[in-house]
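Subject: Structure for your review

Hello,

Please find the structure below. My notes follow it.

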Amino acid sequence: MAGLTGRMSTVVKAKVSKLLDRAEDPAETLDYSYQKQVEQLQNVKKGIADVVTAKKRLQMQETTLKQSVVKLDTQARQAVSGGQEDLARTALERKNVAQTELQGLDTQVTELEDQQQKLTDSEQKLRAKIEAFRTKKEVIKAQYSAAEAQVQISEAATGVGEQMADVGLAMQRAVDKTENMKARADAVSELEAAGTFDDVTALGSGEDDIDRQLKQLSSQPAVDEELAKMKGELGQGASASPAQIEAPAEGGQEPQSADAQPAEGGQA
Amino acid sequence: MIVRVSTEGQYELKGEALERLNELDDTCQVAVEAGDSERFHACYEKLLKLIRDEGSELEDDDLRGSDLTLPPPDITLEEAQSEFSGHGLIPD
């Protein structure tokens, strides 16, 4: 077979034969092979643990971001009912960024779970094969002459070697994935460290560098739309809270349609 | 014939299924060469389905080696295009 299978088979066979080439004295090789196999199994376990750690880290970030979304939404509502449209807009822009990050994280957590499952399945198969090899090893030692044993060992070790190459591949793919995710997770952490998801009311009125960057990041129409909706829901302009702050003078450039929308019974 | 789907497992396939596997393998290869990601994934899905449906999965403690090895199910077109090399536990 020439296609994908051909090339892939060559790769695996090369790896397995490298493993088997270490065979010199059959009896010695048997024990040595087994010992090596058990060692490799430990590496696989460590690999799985790394994937789990990476996943937990992403899940923790998910929790933080979810809290930020709720907080920023609340702040946007407070700002709208207080007539502070600029502040509301800032909060919504940040919420928008947090939500986008959340979606990305969610996909990645799912992918990692998939990788973890594959690794666990592979590890189970490897464990079963190593155990079978251990049994066969004793039979070979007891029953076969050196020449025959050589053949038997090769056959038995092929199965284990192939599974090992396969677990190695699964592990490599998981590591590649976690590295991509780590980069993304670091990016989110940087946003957090820069105060992106912090309390917007604590920032003061001036537009800072973060705000300008966020405006570029968040899709403006989505923010406009949500702001308009929020104003509709809060019935802005009607009998809002008594402690209402005067709307800033430049508030006139908001979308015209916003106030026209009747309250959709959203906010209780 | 024993076929391994990388990161998944080994299956034993016989007779007519092998011919269809061979045909699908060629079709996938053509899609890879054409750089057609959608066609490649559709084809590879079909190929994997054939193996899973028609093949019988080997027991975990079966020590037989495979006659054929397929790339992992989540292979990308780019990976299929580049000489596919799986890194592994076995040092190079």
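**Salt bridges**

Over all chains, the count comes to 29 salt bridges. A salt bridge here is a side-chain nitrogen of Lys or Arg within 4 Å of a carboxyl oxygen of Asp or Glu.

A word on conventions. This is a predicted model, in which local features need pLDDT of at least 70 and side-chain atom pairs count only at pLDDT 80 or more, while totals for chains, interfaces and linings use all residues. Residues are numbered from 1 along each chain as its sequence is written, chains are lettered from A and ligands numbered from 1 in the order in which they are written, and side-chain values use heavy atoms, with hydrogens and water left out.

One salt bridge within chain A joins A:Arg89 and A:Glu85, at 3.4 Å from N to O. The two residues lie 4 residues apart in helix α3 (residues 85–143) of chain A, so about one helical turn separates them. Helices (H or I, at least four residues) and strands (E, at least two) are DSSP runs, numbered from the N terminus. A:Arg89 is buried, with a relative accessible area of 16%. A:Glu85 is also buried, at 11%. Buried means under 20% relative accessible area, exposed over 50%, and partly exposed in between (1.4 Å probe, protein chains only).

**Bridges between the chains**

Between chain B and chain A there are 6 salt bridges.

- B:Glu79 and A:Arg173: their side chains meet at 2.9 Å, N to O.
- B:Glu57 and A:Lys125: the N to O distance is 3.8 Å. The pair runs from strand β3 (residues 56–57) of chain B to helix α3 of chain A. B:Glu57 is partly exposed at 45% relative accessibility, whereas A:Lys125 is buried at 12%.
- A:Asp166 and B:Arg4: the closest N and O atoms are 3.4 Å apart. A:Asp166 sits in helix α4 (residues 146–193) of chain A, and B:Arg4 in strand β1 of chain B. Both ends are buried: A:Asp166 has 4% relative accessibility, and B:Arg4 has a relative accessible area of 1%.

Salt bridges with shared partners also form a network. It joins A:Asp73, A:Arg77, A:Lys95, A:Glu226, A:Lys229 and A:Glu233.

**The interface as a whole**

The size of an interface is often given as the accessible area lost when the parts come together. Chain B and chain A bury about 3800 Å² between them. Of that area, 56% is on carbon and sulfur atoms. Buried area is the accessible area (1.4 Å probe) that two parts lose on being put together, summed over both.

In contact terms, 47 residues of chain B touch 47 residues of chain A. Contact means heavy atoms within 4.5 Å.

Polar contacts across this interface come to 14 residue pairs, both residues at pLDDT 80 or more. A polar contact is a pair of N or O atoms within 3.5 Å; within protein, one must be able to donate a hydrogen and the other to accept it, and residues adjacent in sequence count only if both atoms are side-chain atoms.

Which elements of chain B give two or more residues to the side that touches chain A? They are β2 (9–12), α1 (16–34), α2 (37–54), β4 (68–70) and α3 (77–81) of chain B. α1(B) gives the most, with 7 residues. The residues on that side of chain B divide into 18 nonpolar, 15 polar and 14 charged. Ala, Val, Leu, Ile, Met, Phe, Trp, Tyr, Cys and Pro count as nonpolar, Asp, Glu, Lys and Arg as charged, and the others, Gly among them, as polar.

**Helix α2 of chain B**

The structure holds 1 aromatic pair over all chains. The rings of B:Phe40 and B:Tyr44 have centres 5.8 Å apart and planes at 15°, so they are stacked. Rings of Phe, Tyr and Trp (its six-membered ring) pair if their centres lie within 6.5 Å; planes under 30 degrees apart count as stacked, over 60 as edge-to-face and the rest as tilted. Both residues lie in α2 of chain B, 4 residues apart, about one turn of the helix. B:Phe40 and B:Tyr44 are both buried.

B:Ser37 is partly exposed, at 33% relative accessibility. B:Thr76 is 39 residues from B:Ser37 in sequence, and their C-alpha atoms are 8.0 Å apart.

**One backbone point**

B:Thr7 has a positive phi, near 65°, and is not a glycine. Most residues other than glycine have a negative phi. B:Thr7 is in the loop between β1 (2–5) and β2 of chain B, and is buried at 6% relative accessibility.

Best regards
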